[in-house]
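Look at the chain as a whole before turning to its parts. The paragraphs below go from overall counts to the core and then to one strand.

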Amino acid sequence: MMQARFSRWGLAVLASLPMAALAADAKPWQLNMGRGVTTSAQNAYEAHMLALWICVAIGVIVFAAMGVAMYKFRHSRGAVPDTTFTHSTKLEILWTVVPIILLVIMAVPATAKLVAMYDTRESEMTIKVTGIQWMWKYEYLGEGVELTSRLDRESDRLRQSGERPDAAANPHYLLEVDNELVVPTDTKIRFVITADDVIHAWWVPALGWKQDAIPGLINEAWTEILEPGVYRGQCAELCGKDHGFMPIVVRAVPRAEFDTWLAARKAEDSAPADPSQVPEGGDGTSPRSVDPDMIEDVQQGEEPAAPQATDAAAPADAPSAG
Ligand SMILES: [Cu+2]
């Protein structure tokens, strides 16, 4: 029993070590933080590992010294306390200087990384993120493309059905959306983040940062995703009763694929809307005014989102990069 438990722990530790570094999303039994897929995330990971190993070294030295002292100078061996020892200037200097050196070793790279994290200059494109109870709106500024992203219908159905979700059948339960945020890899993307109603926070752990979305304020962040993939996150600010049901899904694709997607999206948005073509049940991309889900929301007392403007007619909010 004990052995089984230890081997389970051992396996978990083994599994977490190399995999945590590679995996973007948290895995069951993952013990360490993930390495992430952006420079910011990897910087945070490195700062964390440096601090972790310094802590490990201090822990080993301190507990080893305590162990030796307790064993070697035990009462049964006739040890007598040195009651005359009250002060040692040498020791005081040592235990002040050593921590200062350790703090400087950690603070210098951490500060440089923090400064880099907030430098949104020379970004190649800008995406505006708006938190709305309880969904996200994404606008590709200067491109005239926008989309709303909300909890996928299956997760929504499951959470309200009382059924017990199953990790095998619904691996992304509450972490799936109808419209993913598609972004190019190897591109410095600036995010401007705000909210329509209450404070939300846009957080995708693999990108390495979390930014508050505050009504009336614009917060900035940037990312440059190094590996194509799907990265998941959630709203990280308690924003109301459905706070737990506004996930984020970022799909990073190579630049060429992104350009194709954007062009298709533009063509789709500029096509005249035909209400009769809106599929039964709504797919989240349909105009909100005829989306049955919105009607459902209103019936449940939720505030519907503003109707989506036809992108072709909407003026571009801002130039693409600052
Ligand atoms: Cu929220």
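Of the 322 residues in the protein chain, 22% are buried; a residue is buried if 20 or more other C-beta atoms lie within 10 Å of its own, exposed if 12 or fewer, and partly exposed in between, with C-beta atoms placed from the backbone. This is a predicted model, in which local features need pLDDT of at least 70 and side-chain atom pairs count only at pLDDT 80 or more, while totals for chains, interfaces and linings use all residues. Residues are numbered from 1 along each chain as its sequence is written.

The protein chain has six helices and ten strands. These are DSSP runs numbered from the N terminus: helices are H or I with at least four residues, strands E with at least two.

Next, the core. A nonpolar core is a set of buried Ala, Val, Leu, Ile, Met, Phe, Trp, Tyr and Cys residues joined through C-beta atoms within 7 Å. The largest one holds 40 residues, and I127, V129, F191, I193, Y231 and V250 touch the most other members. Strand β5 (residues 189-195) supplies the largest share, five residues. Domain 1 (36-117) and domain 2 (125-299) both contribute residues, so this core lies between them; the domain bounds come from an automatic or database domain assignment.

Now take strand β10 (residues 247-253). Five of its seven residues are buried, so the strand is largely enclosed by the rest of the structure. Strands pair if DSSP finds at least two bridges between them. Strand β4 (residues 181-184) pairs with β10 in the parallel sense over four bridges, and L181 has V250 as its bridge partner in β10. Strand β9 (residues 229-235) runs antiparallel to β10, joined by six bridges; there G233 stands opposite I248.
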